[in-house]
Amino acid sequence: MEFFCYHRDRPASAALRDELLEKHWSYMDGYAAQMIARGPTFDADTPTGSVHIVDLPDAAAARAFAFDEPNYQAGVYRDVLLRRWRNMLGRTMWDFPGGRSGGNRYVVLGLGPGTDDGLVVPPDRDELIAYGPLLSDDGATRVGAAVLLRAPDADAARAVLAPGGYADVEVHDWQFGGRPS
């Protein structure tokens, strides 16, 4: 089962996040084989959260992944969005043809089930890094969408989801995560 996890930073937690960076990476190293995508979100140069998309055996394993994470345990994060997810591209971020750098990267969250008949991968998928629906705990109901992509700006990133199709759409600056190579 695939899960989308977005840990949102607590205000003024950047110093604690920096202090725990090696513990965070070491923890994530244990999930390297299950990782579909990962990376921090930003507001200007300030971290605002961490996105992880992982393939885990069940919801209990996903909750353990999200809530045993060292930054969460230490109070870096103010909240966690954890939802089942479906990988509609069938690849990981490391398979993205655009590579790890270059261009603006975003995470786009469509919150609410959407008014369209279903989430469909756009025909121009070259700029998509990860794309899929956010699902209810049983996986039967779409409750939103999560997309990682490269786009010229936040407005272009937002346009990847149907206009007016969600109760709320969030766009966050994002970059490929993990240990520096």
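**Entry 1. Basis.** I note that the model is predicted: local features need pLDDT of at least 70, side-chain atom pairs count only at pLDDT 80 or more, and totals for chains, interfaces and linings use all residues. Residues are numbered from 1 along each chain as its sequence is written, and side-chain values use heavy atoms, with hydrogens and water left out.

**Entry 2. Barrel.** I traced 8 strands that close into a barrel, in the order β1-β3-β2-β8-β5-β7-β6-β4, with antiparallel pairing. From one strand to the next, the twist averages 35°. Strands (E, at least two residues) and helices (H or I, at least four) are DSSP runs numbered from the N terminus. Two strands count as paired if DSSP finds at least two bridges between them.

**Entry 3. Individual pairings.** Strand β2 (residues 35-43) and strand β8 (residues 168-174) run antiparallel and are joined by 2 bridges. I then followed β4 to its partners. Strand β1 (residues 2-9) pairs with β4 in the antiparallel sense over 8 bridges, and H7 has V80 of β4 as its bridge partner. Strand β6 (residues 128-135) pairs with β4 over 2 bridges, again antiparallel; here R84 stands opposite L135 of β6.

**Entry 4. Helix α2.** I recorded that α2 (residues 21-29) lies across β2, β3 (46-55) and β4 (77-85), at about 160° to β2. Axes are lines fitted to C-alpha atoms, for helices over the stretch in contact, and angles run from 0 to 180 degrees between N-to-C directions. Contact means heavy atoms within 4.5 Å.

**Entry 5. Cores.** I found 19 residues in the largest nonpolar core, where F4, V51, I53, W85, L148 and W174 have the most contacts. Two or more residues each come from β1, β2, β3, β4, β5 (104-111), β6 and β7 (142-151). The largest share, 3 residues, comes from β6. A nonpolar core is a set of buried Ala, Val, Leu, Ile, Met, Phe, Trp, Tyr and Cys residues joined through side-chain atoms within 4.5 Å; buried means under 20% relative accessible area, exposed over 50%, and partly exposed in between (1.4 Å probe, protein chains only).

I listed the contacts of W85, leaving out residues up to four places away in sequence; among them are F3, F4, I36, I53, Y131 and A146. A second, separate core has 16 residues, including Y106, V108, Y131 and V171.

**Entry 6. Largest pocket.** I noted a volume of about 310 Å³ for the largest pocket. Of its 18 lining residues, R17, L21, W25, P40 and Q175 are the closest to the centre. At least two lining residues each come from α1 (14-19), α2, β2 and β3, and β2 gives the most, with 4. A pocket, on a 1 Å grid over the protein atoms alone, is an open set of points where a 1.4 Å probe fits, with protein on both sides within 12 Å along at least five of seven lines; lining residues have an atom within 4 Å of a point. The volume is the space filled by probe spheres set on the points, which are joined across faces, edges and corners.

**Entry 7. Positive phi.** Where is A12 placed? I located A12 in the loop between β1 and α1. A12 is not a glycine, yet has a positive phi of about 65°; at 82% relative accessibility, A12 counts as exposed. A44, in the loop between β2 and β3, has a positive phi of about 60° and is not a glycine either. With a relative accessible area of 60%, A44 is exposed.
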